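Me: Please go through the structure shown below with me, one question at a time.

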Amino acid sequence: MNVITAENLTKSFGSFTAVDHISFEVAQGEIFGFLGANGAGKTTAIRMLCGLSKPTSGKGYVAGFDIRKQPEQIKANIGYLSQKFALYEDLKVWENIRLYAGIYGIPEKKIGDRIDEILTRLGFENEKEVLVKALPLGWKQKLSFSVAIVHEPRIVFLDEPTSGVDPATRRQFWELIYDAADRGITVFVTTHYMDEAEYCNRVSIMVDGKIQALDTPKNLKKQFEAGNMDEVFHQLARKARLNGD
Amino acid sequence: MNPVTVKNISRKFGKLEALKEISFEANQGEIFGIIGPDGAGKTTLFRILTTLLLADTGEAAVDGFDIVRDYKQIRKRIGYMPGRFSLYQDLTVEENLSVFATVFETTVEKNYDLIKDIYQQIEPFKNRRAGALSGGMKQKLALCCALIHKPSVLFLDEPTTGVDPISRKDLWDMLIRLKKENITILVSTPYMDEAGLCDRIALIQEGRFLKIDTPAELTRKFDKILWAVQSNAMSKLLADLRNHEKVQTCFAFGETHHITMDDSSLTIIELQKYLSRLGHTDIEIRPIVASVEDCFMNLTAKESEK
């Protein structure tokens, strides 16, 4: 079953076409890597899929809702995390979870259990009462992720979630992503770390507003006769540069 | 005297010890990399060495001048590209460059040779406002502005963070060219794969240098046995490897997992059998040479054991 469908999705700003007729589908529980150079159109595409920006033309469905007509339903059914933390520094760990659980409309009776569940999953049982500002950076990032999916959404959008994070935490973060995918949450993720592209079930590479490649990392490496995803990326993005930047 | 000498620099912000007893020297014409995650203290160190922040204790000299007493001399001699975008967003590419040249009492023409290679790439956009440039082009312009007075030491604070792999490579190509001009370059980055491009690197975590060495020596001195392991079920493989009593650490590294062991009592054949019994197929195990990222993780793991 597909939880994201994009058909010729397009967004223009004046005479500039940021996203140019992109089409793809993402299945339930899939980890989908959305790669591209700076300025390739990734953020614009994500904003449309999250119901934050209306497409100029084309269609899109996220969690069964139309991105043009039902942006509010989409927002209630997705999670979103960017590099910048959305946590409240002056609230305790459990208070942050409590706050987001309320915002996402989790019934009052269930919130207590959900807080315990998240603390256990993260191994944060002893940090329940700690102020978020006192947590190490890597822990904040893991808590941010758990808060973004506190309502067990069908899909979570992660925009460069591991930028600048230390190597061990970066990997622990990916283990949380696997865990969420195993529970059936679809993960839509962007990254500039090409080793992380290998952890995705499928990867799309956007160049100048268009999706130029979309397949499993294994097939992409075969298609481009490349040893790793870094080489695949370089081959595609270099081509774009030669066509004029 | 070396262009950068640092002795026991420490700095606190309230209770937080941002830098603890940092000492190192950078040689003339060297690319010295400071490698570590966000919050490790990289920016604090750069701000102290560029005379924008005072250290609590310790001393340092840049280009032979004391960072406290001779701060005015230092400011004339160095180039500094801070992590966050430092240009005037409402001025054009050309105007930004001439502002920086004027402030340093020179002209764009005088040192044009130094920036020519980089500037030519953004010259077609010289009448565009800096705020309207793409990320990669902004970085190129910022580098030109930091170089326009031909500094003797260049400080680049995370010039590649959030920049795509192609633009990152372009930027590093430029730094390697600048080295030939005998400019000493201090550069910080959270990307471990960029460490190999530096002459020497310091690994920094929680305000302390874990190690200073050449990338080649650092990886050669890796003191554990290191294997890359693959199978048909990578997620399960991670857990199964961690459950093996002789495996010390196990982390995902792109298409393989890396495992470390203290001694050689486990053989590849034994591990292969163990994994087969647990249902894995297409198993591949091979000894590998450590990367800088392996070293960093090994060193930080040791720190946390202390």
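Me: How many residues of chain B are in contact with chain A?
Reply: This is a predicted model: local features need pLDDT of at least 70, side-chain atom pairs count only at pLDDT 80 or more, and totals for chains, interfaces and linings use all residues. Residues are numbered from 1 along each chain as its sequence is written, with chains lettered from A and ligands numbered from 1 in the order in which they are written. Two residues are in contact if their C-beta atoms, placed from the backbone, lie within 7 Å. On the chain A side there are 26 residues, and on the chain B side 25.

Me: Which element gives the most to the side of chain B that touches chain A?
Reply: Helices (H or I, at least four residues) and strands (E, at least two) are DSSP runs, numbered from the N terminus. Elements giving two or more residues are α5 (135-147), α6 (165-179), β12 (249-253) and α10 (292-305) of chain B. With 4 residues, the most is given by α10(B).

Me: How many residues on that side of chain B are charged?
Reply: Ala, Val, Leu, Ile, Met, Phe, Trp, Tyr, Cys and Pro count as nonpolar, Asp, Glu, Lys and Arg as charged, and the others, Gly among them, as polar. The side of chain B that touches chain A has 11 nonpolar and 10 polar residues. The charged residues number 4.

Me: How far apart are the C-alpha centres of the two domains of chain B?
Reply: The bounds, from an automatic or database domain assignment, are 4-214 for domain 1 and 223-288 for domain 2. Their C-alpha centres are separated by 40 Å.

Me: Are α5(A) and α6(A) roughly parallel or roughly antiparallel?
Reply: Axes are lines fitted to C-alpha atoms, for helices over the stretch in contact, and angles run from 0 to 180 degrees between N-to-C directions. Helix α5 (residues 137-148) and helix α6 (residues 167-182) of chain A have axes 10 Å apart and an angle of about 15°. Angles under 35 degrees count as roughly parallel, over 145 as roughly antiparallel, 65 to 115 as roughly perpendicular and the rest as oblique. The two helices are therefore roughly parallel.

Me: Which residue of β2(A) is the bridge partner of T5(A)?
Reply: Two strands pair if DSSP finds at least two bridges between them. Strand β1 (residues 2-13) of chain A runs antiparallel to β2(A), joined by 8 bridges. In β2(A), T5(A) has as its bridge partner E25(A).
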